[in-house]
Amino acid sequence: MATFLAAAVSVVIMSTSLVLATTQKAPWRIHTLFSVECQNYFDWQTVGLMHSYHKSLQPGPITRLLSCTDEERRQYQGMGLAPTFEVPSMSRHPKTGDWYPAINKPAGVVHWLKYSEDADNVDWVVILDADMIIRGPIIPWELGAEKGRPIAAYYGYLKGCDNILSRLHTKHPELCDKVGGLLAMHIDDLRALAPMWLLKTEEVRGDRAHWGTNITGDIYGQGWISEMYGYAFGAAEVGLHHKINDDLMIYPGYTPRDGVEPILLHYGLPFKVGNWSFNKLEHHDDDIVYECNHIFPPPPFPREVVLMETNINRRRGLFLSTECINTLNQGLLLHHASSSCPKPKWSKYLSFLKSRKFAELTKPKYINRQKLSQVTEQKNILMESTKLYPKIHTLFSTECSSYFDWQTVGLIHSFHLSGQPGNITRLLSCTEHDLKQYMGHDLAPTHYVPSMSQHPLTGDWYPAINKPAAVLHWLNHVKTDAEFIVILDADMIMRGPITPWEYGAARGHPVSTPYEYLIGCDNELAKIHTRNPSACEKVGGVIIMHIDDLQKFALLWLHKTEEVRSDKAHYATNFTGDIYGAGWISEMYGYSFGAAELNLRHIIRNDILIYPGYVPLPGIKYKVFHYGLRFGVGNWSFDKADWRNIDVVNTCWSKFPEPPDPSTLSTPDDNIRQRDILSIECGKALNDALYLHHKRRNCRYPSDSNANFTLSKDVGLLHELKHGVISGRGDEQNIAIEVPSKIFLNSKDKPPSFWMVGLWAFSGMGFLALIFMILPKRKGESSKAKANRSKRNFA
């Protein structure tokens, strides 16, 4: 193994040297830079980046800008890990005393430009972060970089480019680009930019009054991304206008776009493949570089990944995640071999890393220059044009239960068909116990939040409070560049896009749908729970709200929900409109009263949402079905509450009772006919979503090929079915189902004949008799064989 590793190093270095010899001539000389500190944390990242630099055949030299304090430098043992240029540490600012290690990146570049001879012999500079893996050559001019037009990756969460932050820190806020990660620019541009990059980083870091998340997008609100703004504002100051391409770099865990082959992996965020996961922060103090043959936990093998995911692009995303760690591990093993470590023990994983298959999977990726240039230009034109329309993100809240899982399947399926702009996130509230047993992690893009179903202070059981609590948690823990947030319920089916520009949403003016039964807005309830009862509006269901309003409002939404929930003296129907008089709609009042506190004035639209079973207004194209109430057509009906404890998601080919065919409708009343058509559409949409879900999970029918079991073909059997026990996983070949005697798994709907049972019994007895006849003979032969082996062992 050691011989192989050493040979591999030689081949890679020779190949790279050949490339360097043929390409490094003015005006095409490239130099790659990355910035680190004297820590184990950066050392293993350095090993991974350097190994990928060689594998990818990146042209030109690479330099590590190493920032160390005097004490760190005396103890540091990793000088040989990469070609290194030492720069003074500014982690502790020499003037202000502020502790901010990220400032070493611009400070290191400034120092390199001033004191390194390499900086005088280069035309193009590529700047990377240490936590990256290079997959193919990064050649600036092939990516479309020009003098004055650097190439960069898109960092959409830098919302300060669009607000007061840019107006405070640059004279040219219109030139502020939300970029970072990968930077490729002409050396003349870097010389103009670098001092301003450092200066603006110091400025933003010192501007504590504007560290807030609502201004910077920094979820911690502590100025940690000041260096990123320093770059964006510095580039605006010197007039650089970036060519932005968000296909060149990808975070492991993300799904690549169809036909896109990223050339850079940035493992700055946690990611997982199946039950395996990786988070770089968990290895902050890991001395894995200096422990012989110590590597990161191996990810799943490619054949295991194939079985996990059938969607081609999502599978490619999983392959990229495993490639990232496999490349890191291969780099560590090569480093250990070069450090005279003993040969590692053979393992299936080490064999894979040295295999031809892995070499083929990780061979350098080359971009199509012409195609990339066209795509980059198109995307930059599109990015300019879409500035007319704000970005949107859609949220919905659920819990760890099969009841919410089938609703999730329906909503996600309809989201993708609706043409809704932006992304969608499920806010999943689970107790630790529920999360351990939960099987629906793959049903939707998910943000996990602690469950507040059982209130941590009062002990009150009220699961609906998870909705405002989850929105607040998401705002505090997720960076988003969305300007408007659309909030839906899980029990909805989307029929078209819900956009702020169509309905006129704006700051201070959210859009929502009418909930007229919230009579508490008109009586004593509103006077008790808001200082501004006249602003209380009877709304809910669909919400479109500006992110700035939501950030101010979410905490009030939660607090007002707690208030109303605890006000048991006013639970009564005559106060709340709640037919149960048990405080179940406290969360809805929490929303209305919280919005009133901030004097948010809703644009109330009755053309967005409809309950199936209601008569539609003529000519209205509703965007959402909200199936919160029972509805039906003829003898067919659907009530989500009937399916609370039935797992239709994890039982293969399960579905809801099929609604009637629209062609069978015979009512002469056109209003009733339109009502029934919409009800049928909603029921069919849920079943279509379930069918595609089961198909995606590679479900197979039971071993009887004639069997075609669905949970209920006859709604009259629903009561009996609810008393059965249904188990089984979508990835199993057979489904174990206990059902009432009226439901059978064979197509003739009757139990096996008596003679067939007798034949099974007779066959079983014959098999056992045969076994008993053979075993004594085998036992004797086995004893003799053991005795003969014993004699040979002691001979």
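Helices (H or I, at least four residues) and strands (E, at least two) are taken as DSSP runs, numbered from the N terminus. The structure is a predicted model, in which local features need pLDDT of at least 70 and side-chain atom pairs count only at pLDDT 80 or more, while totals for chains, interfaces and linings use all residues. Residues are numbered from 1 along each chain as its sequence is written, and side-chain values use heavy atoms, with hydrogens and water left out.

The protein chain has an average pLDDT (the predictor's confidence in each residue, from 0 to 100) of 85, and 82% of the residues score at least 70. Residues 381-387 have a pLDDT below 50, and this stretch makes three contacts (heavy atoms within 4.5 Å) beyond near neighbours in sequence. For residues 774-795 pLDDT stays under 50, with zero contacts beyond four places in sequence. Where pLDDT is low, predicted coordinates should not be read in detail.

Helix α19 comprises the 20 residues 547-566. Buried residues (under 20% relative accessible area; exposed, over 50%; partly exposed, in between; 1.4 Å probe, protein chains only) of α19 include F553, W557, L558 and V564. The buried residues of this helix pack against elements including α7 (213-216), α16 (466-477), β19 (539-546) and α21 (586-597).

Six disulfides (pairs of cysteine sulfur atoms within 2.5 Å) are found in the whole structure. With bonded cysteines counted along the chain, the pattern is 1-2, 3-4, 5-6, 7-8, 9-10, 11-12. C38 is in the loop between β1 (30-37) and α2 (40-55), and C68 is in strand β2 (residues 62-68), 30 residues apart. The torsion about this S-S bond is about 55°, so the disulfide of C38 and C68 is right-handed.

Another disulfide links C292 and C341, at S to S 2.0 Å; its torsion of about -75° makes the disulfide left-handed. C292 is partly exposed, at 41% relative accessible area, whereas C341 is buried, at 12%. The disulfide between C400 and C430 has an S to S distance of 1.7 Å, and both cysteines are buried.

Key:
Expected span 1.5 Å × (residues − 1).
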